[in-house]
Amino acid sequence: MLLPDQFMKIAPQVFLLPAQPARTALFCGAAGGVGCTSVCLRTAQALARLTTESICLVDANFRAPSLHTVFGLDRAPGFSDFLTQSGLARSFASLVNRKNLWLLPTGNRVSNMESLFAAATFRARLAQVAMEFRFVLIDSGAGRESAQFAQAASGAILVIDSDKTRREQAHRMKRLLQSVRLPLLGVVVNRGDWKLS
């Protein structure tokens, strides 16, 4: 696992650069169980210590939601509810650090995830989150669902595990991101070294 001071390096390199900083970053795993959620969470917490600007941590990992449990919150209302109902994103989110870090948990279970992405309002609702918060970090877990967020993100951070991730898995996810023209902001090698592109 990355050390806390390494997240303090990742956060400014991605979000606080003077030229072209990312405002919305998608965190995706090359496969399940590589620590994508943990990396997204720790980066958001580090960023919250480095800036007074508002930050929204979005749990879009519908297959394995867990961020709500970290903060002792219910998973609903949350992201799925925000996508299908009217209202500001903040009304579905919770302030989790008493200052500037908000969590938008996964929300109520949806029998057909694809219906969330297919809705005509999906893009507009994602844009609404970016309007309400200065920085948005989306944990999408692993899988093709990650591509659905390309239209809303400045770029992606790919998380791999130095012991578990096979080379073809990492290349497959990289190709997926390229196919939707989502820039790769960096690669985090969890439980090993890390680098940013």
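Predicted model: local features only at pLDDT ≥ 70, side-chain atom pairs only at ≥ 80, totals over all residues.
View 1. Cys-28 counts as buried because its relative accessibility is 0% (buried means under 20% relative accessible area, exposed over 50%, partly exposed in between, with a 1.4 Å probe and protein chains only). Cys-36 is buried too, with a relative accessible area of 6%. The sulfur of Cys-28 has its closest cysteine sulfur in Cys-36, 6.4 Å away, which is too far for a bond.

Residues are numbered from 1 along each chain as its sequence is written, and side-chain values use heavy atoms, with hydrogens and water left out.

**View 2. Helix α2, end to end.** This helix covers residues 36-50 (helices are DSSP runs of H or I with at least four residues, strands are runs of E with at least two, and both are numbered from the N terminus). Among the buried residues of α2 are Cys-36, Val-39, Leu-41, Thr-43 and Leu-47.

**View 3. Phe-149 and the largest nonpolar core.** This core has 38 residues, and Val-58, Phe-79, Val-129 and Phe-149 touch the most other members (a nonpolar core is a set of buried Ala, Val, Leu, Ile, Met, Phe, Trp, Tyr and Cys residues joined through side-chain atoms within 4.5 Å). Helix α7, residues 167-179, gives the most to this core, with four residues. Apart from this core lies another one, of 28 residues, among them Ala-11, Ala-25, Phe-27 and Leu-101. Zoom in on Phe-149 and, leaving aside neighbours within four places in sequence, you'll find contacts that include Leu-26, Ala-60, Phe-79, Phe-117 and Ser-140 (contact means heavy atoms within 4.5 Å).

**View 4. Thr-24 in strand β1.** Thr-24 is found in β1, residues 24-29. Thr-24 is buried, with a relative accessible area of 6%. Once neighbours within four places in sequence are set aside, its contacts include Ala-130, Val-136, Ile-138 and Gly-155.

**View 5. Strands β6 and β7, with α7 between them in the unit.** β6, α7 and β7 make a right-handed β-α-β unit (right-handed if, with the strands pointing away from the viewer, the path from the first strand over the helix to the second runs clockwise). β6, residues 155-161, pairs with β7 in the parallel sense over six bridges (pairing takes at least two DSSP bridges). Ile-157 stands opposite Gly-186 in β7. Strand β7, residues 184-190, is mostly covered, with five of its seven residues buried.

View 6. Most residues other than glycine have a negative phi, and most peptide bonds are trans. Arg-98 isn't a glycine, yet has a positive phi of about 65 degrees; Arg-98 sits in the loop between β3 and β4 and is exposed, at 82% relative accessibility. Arg-181 also has a positive phi, near 60 degrees, in the loop between α7 and β7, and is exposed at 77%. The peptide bond from Ala-76 to Pro-77 is cis, with omega near 0 degrees, and Pro-77 belongs to the loop between α3 and α4.

Methods. Expected span 1.5 Å × (residues − 1). Disulfide = S-S within 2.5 Å.
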